[in-house]
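Subject: Structure for your review

Dear colleague,

Please find below the structure that I am handing over to you. My findings follow it.

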Amino acid sequence: MSIWWSLHLRREAASVPLARRLLLGTMETAGVDPDICYDLAVALSEACANAVEHGGDAATEDYRVTAFIDGDTCRIEVTDSGPGFRHCPAPPAPPHTAADRAPTPAPVPTPAQAPAFAEDGRGLFLIEALTDHVRYRNRTGRPGAVVSFDKILKWREGAALPMAS
């Protein structure tokens, strides 16, 4: 048996705990080990917080969270409509006209290099530390970033989901 759900959320801080609670409720009901539930909930909270903070301008008011539990793996994907990740580490040239002042894509993340004293930049580091596989990419054919991560699940004794397979 597998479970999946997808949410379209407003880019508001209040959406972060909503996504986290839905994920926790789903995993707890399925019988996922509490430590794994906690790791994934923190990783999801960080990805959602990044989408809320960096995921677009006033015209792009939403982002999407999709979660899949299939067998012993959970995959979570957070997609926004922001400028995406910049593949070139060099900073962009300053804008010359108002039309040139579009949002600047963020650099491709390097979370392992986040300094210990940094106020920002720890979210991606936490996602990498708490999950088994992380992928950052830009959306295909439209603006936006996609952060997806997987974690191998452990189950509580007598959990319902593995028995249903």
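A residue is called buried when its relative accessible area is under 20%, and exposed when that value is over 50%. Please keep in mind that this is a predicted model.

I begin with helix 1. This helix has 16 residues and spans 23 Å from its first C-alpha to its last, close to the expected 22 Å. Its buried residues are Ser15, Val16, Ala19, Leu23, Thr26, Met27 and Ala30. Viewed down the helix axis, they fall within an arc of 115 degrees, so they line one face of helix 1. The face turned away from this buried side carries the exposed residues Arg21 and Thr29. After helix 1 comes Gly31, which has a positive phi, near 100 degrees.

The next topic is the largest nonpolar core. Of its 33 residues, those touching the most other members are Leu40, Leu44, Tyr63, Ile76, Val78 and Phe149. Among the elements that give two or more residues to this core are helix 1, helix 2 (34-54) and strand 7 (145-152). Helix 2 gives the most, with nine residues. In soluble globular proteins, nonpolar side chains tend to be buried together. Leaving aside neighbours within four places in sequence, the contacts of Phe149 include Leu40, Leu44, Ile76 and Ile127.

Finally, there are two aromatic pairs in the structure. One of them joins Phe85 and Tyr136 edge-to-face, with 6.0 Å between the centres and 75 degrees between the planes. This pair links distant parts of the chain, as Phe85 lies in strand 4 and Tyr136 in strand 6, 51 residues apart. Both Phe85 and Tyr136 are buried.

Yours sincerely,
A colleague

Technical notes: Residues are numbered from 1 along each chain as its sequence is written. This is a predicted model: local features need pLDDT of at least 70, side-chain atom pairs count only at pLDDT 80 or more; totals for chains, interfaces and linings use all residues. Side-chain values use heavy atoms; hydrogens and water are left out. Rings of Phe, Tyr and Trp (its six-membered ring) pair if their centres lie within 6.5 Å; planes under 30 degrees apart count as stacked, over 60 as edge-to-face and the rest as tilted. Helices (H or I, at least four residues) and strands (E, at least two) are DSSP runs, numbered from the N terminus. Buried means under 20% relative accessible area, exposed over 50%, partly exposed in between (1.4 Å probe, protein chains only). A nonpolar core is a set of buried Ala, Val, Leu, Ile, Met, Phe, Trp, Tyr and Cys residues joined through side-chain atoms within 4.5 Å. Contact means heavy atoms within 4.5 Å. The expected span of a helix is 1.5 Å times one less than its number of residues. The arc is that of the directions from the helix axis to the C-beta atoms.
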